[in-house]
Amino acid sequence: MFVLRLNKSGMPQAWITPEDAAKHYAQGRVLFELGESKKILHGGWNNQGVQSVLELSSIIACEGKVTAMGGEISLCNRYLFRRDNYLCMYCGQKFKPSQLTRDHIMPRSRGGKDIWTNTATACSRCNCHKAARTPEEAGMTLIAIPFVPNVYERFYLMNRRILSDQMAFLGNHFSQNRSWCA
Ligand SMILES: [Zn+2]
């Protein structure tokens, strides 16, 4: 599992390994815990033969510099397909990542930009059919409006093994209702 590290105002900062989380605990930098799930880490043995045990929370807020995380997540197919829940945004069917393509809603050949709000997940068949046309010209309708992921959505996109309490935390801050589930 990965631990979601927040800053003191509760903004996601990073997914970290349990070992890195343990360092924050050891240095007394953990301000509060929000996760419900716990991970037990076993440490060294003392001279009475007792092994140290550390209980990590799945979400921890740590002391340190507050990063604004204002920048956009870079657009790549892995995140784009996950944003669209592996559904073709035209026919609505679910596909494996290898069967999906990045569609430019306003085609690139006509000045459409390669940005989150001009791209949609499409199966090869729909993408081929649409070709260098707008959805209107091709008589096709998008099943959802493409959006730029906010910081919480970005952390969702970055980790494919999110625990349910981490998902609940991130999901509270999603910008729209999504069909996303962990
Ligand atoms: Zn399709």
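1. The hairpin. In this predicted model, strands β1 and β2 form a hairpin with five residues between them, and Gly10 in the turn has a positive phi of about 85 degrees. Strand β1 covers residues 3-6 and strand β2 residues 12-16, and the two pair in the antiparallel sense over four bridges; Leu6 has Pro12 as its bridge partner in β2. Strands, like helices, are DSSP runs numbered from the N terminus (E, at least two residues, for strands; H or I, at least four, for helices), and two strands are said to pair if DSSP finds at least two bridges between them.

2. Basis of the numbers. Residues are numbered from 1 along each chain as its sequence is written. Since the model is predicted, local features need pLDDT of at least 70 and side-chain atom pairs count only at pLDDT 80 or more, whereas totals for chains, interfaces and linings use all residues.

3. Strands β3 and β6 (residues 59-62) run antiparallel and are joined by three bridges, with Val30 standing opposite Cys62 in β6.

4. Contact between two residues requires their C-beta atoms, placed from the backbone, to lie within 7 Å.

5. Helices α5 and α6. The buried residues of α5 (residues 151-158) are Glu153, Phe155 and Tyr156, and they line one face of the helix, because they fall within an arc of 160 degrees seen down its axis. They pack against β1, β2 and α6 (164-171). In α6 the buried residues are Gln166, Phe169 and Leu170; these fall within an arc of 95 degrees and so also line one face of their helix, and what covers them includes β1, β6 and α5. The arc is that of the directions from the helix axis to the C-beta atoms, and a residue is buried if 20 or more other C-beta atoms lie within 10 Å of its own, exposed if 12 or fewer, and partly exposed in between, with C-beta atoms placed from the backbone.

6. Nonpolar cores. The largest nonpolar core has 14 residues, and those with the most contacts inside it are Val3, Leu4, Leu6, Ile59 and Ile60; β1, β6, α5 and α6 each supply at least two of its residues. Apart from this core lies another, of eleven residues, among them Leu80, Met89, Tyr90 and Cys126. Such a core is a set of buried Ala, Val, Leu, Ile, Met, Phe, Trp, Tyr and Cys residues joined through C-beta atoms within 7 Å.

7. The chain is divided into domain 1 (3-62) and domain 2 (77-138), with bounds that come from an automatic or database domain assignment, and the C-alpha centres of the two lie 40 Å apart. Thr121 lies in strand β8 (residues 119-123) and is buried, because 26 other C-beta atoms lie within 10 Å. Not counting residues up to four places away in sequence, Thr121 touches Leu80, Phe81, Asp84, Leu87, Cys88, Met89 and Leu100.
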